[in-house]
Amino acid sequence: MRLLVIEDEPDLLAGLARALRKEGYAVDTAADGEDGLFKAEGADYDAVVLDVMLPRLDGWTVLARLRARKRTPVLMLTARDASTDRVRGLDGGADDYLVKPFDLPELLARVRALIRRGAHQPRPALTIGEVRIDTVARTVEHAGAVVPLTAREYALLEYLALHRGEVITRTALYEHLFGDEDSTLSNLIDVHVFNLRKKLGPDVIATRRGHGYVIA
Ligand code: CA
């Protein structure tokens, strides 16, 4: 899952990016509204965390311009406790909001929920045959036994499972699993699929030649 965080407070931006990367997300960052909107329009993010008070373009403007073109799930960070801010955000097309200061676990839970809703999968557990994915604990079981996965393997499996039945091209997988700062050497989608099949069985992920991968 690839996220964009738009936040002008350097410490908060760095802290959020670090925490989200630790959760296995690919994270891009923007420190002002103009750069944030440019990135949000240019890539296919699974969710955007958007601060309201931003230089160049404020969060409201970024949201309005993004919504004119894209349905990317947006979690707004509002500094003020005024309910008018929350109403304005939700009316403007935000999917959720969080009032600063917030607890990190709550932000992580809301991001997970946004991604699930964006994929029309409201339940936190996904089952594919004998494979069970717990998207809250980020653990995977096969026939009742926990299977250790790397962060990349988990992200790839979760993305395909959330978009079950859709053939996902390698290009789309790169876009959703790797951020701007990831080195290309780590972008070995085929190797991750090979390893997932070794760990979970050969039939979990199907290859569609010339197109990509699918969980049927
Ligand atoms: Ca701010």
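Arg-112 touches Glu-23, Tyr-25, Thr-135 and Val-136, leaving out residues up to four places away in sequence. Contact here means heavy atoms within 4.5 Å. The model is predicted: local features need pLDDT of at least 70, side-chain atom pairs count only at pLDDT 80 or more, and totals for chains, interfaces and linings use all residues. Residues are numbered from 1 along each chain as its sequence is written, and side-chain values use heavy atoms, with hydrogens and water left out.

Arg-112 lies in helix H5 (residues 104-118). Helices (H or I, at least four residues) and strands (E, at least two) are DSSP runs, numbered from the N terminus. Arg-112 counts as buried because its relative accessibility is 15%. Buried means under 20% relative accessible area, exposed means over 50%, and partly exposed lies in between (1.4 Å probe, protein chains only). The C-alpha atoms of Arg-112 and Tyr-154 are 14 Å apart in space, and the two residues are 42 apart in sequence.

Tyr-154 is also in contact with Asp-134. Pro-124 and Thr-139 touch Asp-134 as well, with neighbours within four places in sequence set aside. Asp-134 is found in strand E7 (residues 131-134). Its relative accessible area is 22%, so Asp-134 is partly exposed. Pro-124 is ten residues from Asp-134 in sequence, and 6.3 Å separates their C-alpha atoms.

Tyr-154 is one of the buried residues of helix H6. Helix H6 (residues 151-162) has twelve residues. From first C-alpha to last, H6 reaches 16 Å, close to the 16 Å expected at 1.5 Å a residue. The expected span is 1.5 Å times one less than the number of residues. Ten of the twelve residues of H6 are buried, so the helix is largely enclosed by the rest of the structure. Among them are Glu-153, Ala-155, Leu-157, Glu-158 and Ala-161.

Two packed helices are described by the angle between their axes and the distance between the axes. The axes of H6 and helix H7 (residues 170-177) come within 11 Å and cross at roughly 120°. Axes are lines fitted to C-alpha atoms, for helices over the stretch in contact, and angles run from 0 to 180 degrees between N-to-C directions. H6 and H7 are therefore oblique to each other. Angles under 35 degrees count as roughly parallel, over 145 as roughly antiparallel, 65 to 115 as roughly perpendicular and the rest as oblique. On the H6 side, the contact is made by Arg-152, Ala-155, Leu-156, Tyr-159 and Leu-160. Leu-173, His-176 and Leu-177 make it on the H7 side.

The calcium ion is coordinated by Asp-8 (OD), Asp-51 (OD) and Met-53 (O), at 2.1 to 2.3 Å. Asp-8 sits in the loop between strand E1 (2-6) and helix H1 (10-22). Met-53 sits in the loop between strand E3 (47-51) and helix H3 (59-67). This pair links distant parts of the chain, 45 residues apart. Asp-8 counts as partly exposed because its relative accessibility is 30%. Met-53, at 48%, also counts as partly exposed.

Val-74 is in strand E4 (residues 74-78). At 0% relative accessibility, Val-74 counts as buried. Val-74 touches residues including Val-48, Leu-50, Leu-63, Leu-66 and Leu-114, not counting those up to four places away in sequence. Pro-10 is 64 residues from Val-74 along the chain, and their C-alpha atoms are separated by 20 Å.

How values were computed
Donors are N, O and S atoms within 2.8 Å of the metal (3.2 Å for Na, K and Ca); water is not among the atoms, so sites may look incomplete.
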